[in-house]
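I am opening a notebook on a structure that is new to me. I will write down what I looked up, entry by entry.

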Amino acid sequence: MSIRLRLTAWYSGILFITLLAFSLAVYGFVHLYTYDELKSRIQQQYNKIRPVPTINEDGSMGFTPDRSSTMRMEEADLYVQSYTYQNERTWLSDNMRLRGLEFEVPTVSKAKKEQGFKKKNVAGYPFIVYQDFVYTQDNQIYGWLQVGAYTGSVEKTLARLKSILFTGSLATLIIASTLGLFLARKSMKPIQTVADAANQIQKGTDLSVRIEYDGPQDEIGRLIGTFNGMLERTEGFYKELDDAYAAQRRFVSDASHELRTPLTTIRGNVDLLHKIWAGSPSERPDMDEETLKQIVVEAVGDISDEAKRMSRLLSDMLSLARADTGQTFEKDPIALQPLIEEVVRRANFLPRKAEWHTGDLSVLNGVYVEGNRDYLQQMLFIFIENGFKYTPEGEVRLDVILYKGQVGIRFLDTGIGMDKDEIPYIFERFYRADQSRGVTEGTGLGLSIAKWIIDVHEGSVEVVTRRGEGSTFIVWLPTIFAPPLE
Ligand code: ADP
């Protein structure tokens, strides 16, 4: 059963009970009030009648209510009847006699149960009658006196009241239920919309669905607001997950692609060596010893280079895989000057064609960052090596700036540079700009690792570059106060 119907049923049920109780109370009250009044009138008059004992012609005793009181009663629309048991004679007030009415008289033995008020039907007319024995002075029963009132009009009024209450209640119930159903349907309509939207989302994959609602901010308005908010968050999460999943897939496919190239070279060279040394003399290329030796040395050199490339690639991938699992590293206060000086010194031994210069590093005296020595060095080497790799001639330069509680390490080169629109991608995994792809050796992972290291150090990086003119990378790291001397 729908909530709509259930609400209406409850509402109608409660209304039904309320109407029933109200009708019963009204009817009961009117019934009691009219009958009470009638009864007290009858009782009053009954008590006023002074039966006058009479000696009948046959010598038996009888009684007749006194004339003046019966006259009064007739005026008050009361009907009087007396009966003498001894001679079985009945006396009737004029209004009874004239209408030919007579109340039923019980025998003495049965009459005991009939004392008091009784409803009677005489010749098809309804009456309420008060009846009791009449006693002689020595307490002997000698008569049965009955005073009644015609209740037809009262009954009619009560019957009319009953039917008014019944039809009124029924009409109210029907109108209220219909209106209730209509209102319930109207107020439930937005909920139906929510359910439809939820259903649509459940069936499809479209999380961009939102529920249109321009009604008041009542319970339903708030429910729709919450639902839309939930959808928005879910859509956000889903997109993040989807992006992460896509990135993961790209990473795996790029990684396997990158690993295949060195493996192919290694296999080719191993096959060549195998042919030279393990094959039958007829398969061996027809060459002199000196040429053969040269080929072998070149093949072994290739294998060694590719193995090195692979191991570099694997170690880079491992770093990124660790970064993906949310792994960070221990950080301590690090004095920057000795660390950078050490990196600058070691960079002198790296292969390069450009000149290698450094600015004044003494400004770093007493400057500390919260960081990890090994990872900071790795990051610095990535930028310096890139500078060397992508600067066939000219200069690669490192200098430092202190600005607003941050230290900026600037790597400047006058190398091949990049297109501006490539900047957003260079920190992505395996991304290599067009002009370096296939020309300069590299994996496309260096800057992703550097970016991760910078992020963990709560730093940032800026890039300025122009194709053919060179590039400048500035890494900003927050500085800390010098730690106390130990
Ligand atoms: P890799 O250098 O191994 O290719 P990186 O992640 O370090 O990978 O760099 C990504 C790409 O960014 C490089 O392939 C190159 O195209 C570009 N790039 C990085 N540094 C420089 C630079 N100093 N000058 C010009 N291009 C650069």
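My entries below go through record annotations, salt bridges and surface patches.

**Entry 1: the model**
I note at the start that this is a predicted model.

**Entry 2: transmembrane annotation**
I checked the UniProt record. Its unreviewed entry gives "transmembrane region" for residues 7-30 and 164-184. I then looked at what the model shows there. Residues 7-30 are 100% helix and 0% strand. The C-alpha atoms at the ends of this stretch lie 34 Å apart. Residues 164-184 are also 100% helix, with 0% strand. Here the end C-alpha atoms are 29 Å apart.

**Entry 3: HAMP annotation**
The unreviewed UniProt entry also lists "domain: HAMP", at residues 185-239. I asked how much of this stretch is helix and how much is strand. The model has 73% helix and 0% strand over residues 185-239. From end to end, the C-alpha atoms are 37 Å apart.

**Entry 4: salt bridges**
How many salt bridges does a search of the whole structure find? I got 14. I followed up some of them.

I took Glu235 and Arg210 to begin with. They form a salt bridge, and their closest N and O atoms are 2.7 Å apart. This pair links distant parts of the chain, 25 residues apart. Glu235 sits in helix α6 (residues 219-277), while Arg210 lies in the loop between α5 (152-203) and α6. Glu235 counts as partly exposed because its relative accessibility is 27%. Arg210 is partly exposed too, with a relative accessible area of 27%.

Next came Arg345 and Glu342. Their side chains meet in a salt bridge, at 3.4 Å from N to O. Why are they separated by about one helical turn? They are 3 residues apart in helix α8 (residues 336-347), so about one helical turn separates them. Arg345 has 43% relative accessibility, so I put it down as partly exposed. Glu342 has 28% and is partly exposed as well.

Then I turned to Asp455 and Lys451. Their side chains form a salt bridge at 3.0 Å, N to O. Both are in helix α10 (residues 446-456). They are 4 residues apart, so they are separated by about one helical turn. Asp455 is partly exposed, at 41% relative accessible area. Lys451 is partly exposed at 28%.

I also found a network. Which residues does it link by salt bridges? They are Glu395, Arg397, Asp399 and Arg410.

**Entry 5: a nonpolar patch**
I moved on to the surface. Phe16, Ile17, Leu20 and Leu24 form a nonpolar patch there. Together they have about 420 Å² of accessible area. I looked up Phe16 in particular. Phe16 belongs to helix α1 (residues 3-48). Is Phe16 buried or partly exposed? Phe16 counts as partly exposed, since its relative accessibility is 43%.

Where is Glu330 found? I located Glu330 in the loop between α7 (289-324) and β8 (332-335). Glu330 has a relative accessible area of 64%, so it counts as exposed.

**Entry 6: recap**
I close with a few points to keep. The annotated stretches 7-30 and 164-184 are 100% helix. Glu235 and Arg210 join distant parts of the chain. The Arg345 and Glu342 pair stays within helix α8, and the Asp455 and Lys451 pair within helix α10.

How values were computed: Residues numbered from 1 in each chain as written. Predicted model: local features only at pLDDT ≥ 70, side-chain atom pairs only at ≥ 80, totals over all residues. Heavy atoms only, no water. Helix = DSSP H or I, 4+ residues; strand = E, 2+ residues; numbered from the N terminus. Buried < 20%, exposed > 50% of the residue type's maximum accessible area, 1.4 Å probe, protein only. UniProt positions renumbered as here; feature names shortened; annotations may be inferred. Patch = residues over 30% accessible without salt bridge, like charges linked within 9 Å, V, L, I, M, F, W, Y side chains within 5 Å. Areas by Shrake-Rupley, 256 points an atom, 1.4 Å probe, with all protein chains shown as cover. Salt bridge = Lys/Arg side-chain N within 4 Å of Asp/Glu carboxyl O.
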